[in-house]
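Please keep the sequence and the coordinates at hand while reading.

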Amino acid sequence: MKFLCVVVLLIGAASCRKLPSFIEICHRKDPQINKCLQRNVEILRPRLKNGIPEMQIPGFNPLVISQATLSGGVSFEAIFNNIRMYGADDFIMDRFEVTTDPKFRFDLDIHFDKLRILSDYKINGRLLVLQLNGAGPADGNYTNVKAHLTTEGEHYQKNGKDHVRFVDKKIDLSIGSTNLYFDHILGDNDQLNVQTNRIINENSQEIIKELSPVITKVIGEFVFGIANRIFERYSYDDLFPL
Ligand SMILES: *[C@@H]1O[C@H](CO)[C@@H](O)[C@H](O)[C@H]1NC(C)=O
């Protein structure tokens, strides 16, 4: 097999990628495929913090996203730049189910006991009873974050091989509690800033509702980012041989 890969490489033909030896191969028709995948999740988890160079997966502590915006019509806009999420690699996969036939789908429940998200924010508009117009660093701790993700794969050909990419991604999110701090939310008056942040945190359910698209985006990047990298690099036959 090794010999064949070398030959294929030498003639510059389609990629011949083998999964790293620490991965357990899951067969497409294995009735216990979900268990096999769960075992692989456990194998990958401790490696995610520093990344998995063999699979071109970068480190995820932090997971970095350049920008996310929130818009509540004309009255409210928030922009978050340089978003860094810490703690994603400490996820717990509560459920991981795939179907391979007729379409590749996965359906999973994941939770994070604690996530911390740092960013540079810019908020303009009305939030709760507050009229805000501020910018600066933001810090947020989120506990008991649960997400349900589903997606369906679409087959396509790359270098003559069958690959899968994910379309129609869905994420439902719930967040237990938050503690946030928006530095300089009302400019240079420290006392006012502390007070304003206190009001924000006293209304955390409201705020969670407002911020949840941003958290959803970050968690989506985490899960689908890993899935897309793996499925782009390895063909369907490499990942799930018959
Ligand atoms: C978030 O948690 C970290 C570490 O536990 C702490 O240093 C930081 O002050 C917290 N941030 C907020 C906004 O509570």
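The points below go from the overall fold to the strands, the core, the ligand and the backbone. The model is a predicted one, and its protein chain comprises five helices and six strands. Along the sequence these elements follow the order α-α-β-β-β-β-β-β-α-α-α.

**Overall fold**

- Taken along the principal axes, the box filled by the C-alpha atoms of the protein chain is roughly 70 × 35 × 35 Å.
- The protein chain has 242 residues, of which 20% count as buried.
- When contacts in the protein chain between residues at least 6 apart in sequence are considered, 64% of them join residues at least 24 apart.

**Strand pairing**

- Strands E1 and E2 run antiparallel and are joined by eight bridges, with Leu70 having Ala78 in E2 as its bridge partner.
- Strand E2 also pairs with E4, again in the antiparallel sense and over nine bridges, and here Met85 has Ile117 in E4 as its bridge partner.
- Strands E5 and E6 are antiparallel as well, with 19 bridges between them, and the hairpin that they form has two residues between the strands.
- In a regular strand, side chains alternate between the two faces of the sheet.

**The largest nonpolar core**

- The largest nonpolar core has 33 residues, and those that touch the most other members are Leu63, Met85, Ala88, Leu115, Ile215, Val218 and Phe222.
- At least two residues of this core come from each of strand E1 (63-71), strand E2 (76-86), strand E4 (105-127), E5, E6 and H4, and H4 gives the largest share, with eight residues.
- Which residues does Ala88 contact, leaving aside its neighbours within four places in sequence? They are Phe60, Leu63, Phe112, Leu115 and Phe222.
- In soluble globular proteins, nonpolar side chains tend to be buried together.

**Ile226 in helix H4**

- Ile226 belongs to helix H4, which covers residues 204-233.
- Is Ile226 buried or exposed? Ile226 counts as buried because 20 other C-beta atoms lie within 10 Å, and the cut-off for a buried residue is 20 or more.
- Although Ile226 and Met55 are 171 residues apart in sequence, their C-alpha atoms are 9.8 Å apart in space.

**Surroundings of the ligand**

- The residues that surround the ligand are Arg116, Asp139, Gly140, Asn141, Asn179, Leu180 and Tyr181.
- Strand E5 (130-158) and strand E6 (161-182) are the elements that give two or more residues to this shell.
- Sorted by class, the shell around the ligand consists of two nonpolar, three polar and two charged residues.
- Two members of the shell, Asn141 and Asn179, stand opposite each other, Asn179 being in E6.

**Backbone features**

- Most residues other than glycine have a negative phi, and most peptide bonds are trans.
- The peptide bond that joins Asn61 and Pro62 is cis, with omega about 10°, and Pro62 lies in the loop between helix H2 (33-48) and E1.
- A cis peptide bond also joins Asp101 and Pro102, where omega is about 0°, and the location of Pro102 is the loop between strand E3 (92-99) and E4.
- Asn82, which is not a glycine, has a positive phi near 50° and has its place in strand E2. Asn82 is partly exposed because 13 other C-beta atoms lie within 10 Å, a count between the limit of 12 or fewer for exposed residues and that of 20 or more for buried ones.
- His184 likewise is not a glycine and has a positive phi, of about 60°, and is found in the loop between E6 and helix H3 (190-202). His184 counts as partly exposed, because it has 15 C-beta neighbours inside 10 Å.
- In the hairpin of E5 and E6, Asn159 takes a positive phi near 50°.

Conventions: Residues are numbered from 1 along each chain as its sequence is written. This is a predicted model: local features need pLDDT of at least 70, side-chain atom pairs count only at pLDDT 80 or more; totals for chains, interfaces and linings use all residues. Helices (H or I, at least four residues) and strands (E, at least two) are DSSP runs, numbered from the N terminus. A residue is near a molecule or strand if its C-beta atom, placed from the backbone, lies within 6 Å of it. Ala, Val, Leu, Ile, Met, Phe, Trp, Tyr, Cys and Pro count as nonpolar, Asp, Glu, Lys and Arg as charged, and the others, Gly among them, as polar. Two residues are in contact if their C-beta atoms, placed from the backbone, lie within 7 Å. A nonpolar core is a set of buried Ala, Val, Leu, Ile, Met, Phe, Trp, Tyr and Cys residues joined through C-beta atoms within 7 Å. Two strands pair if DSSP finds at least two bridges between them.
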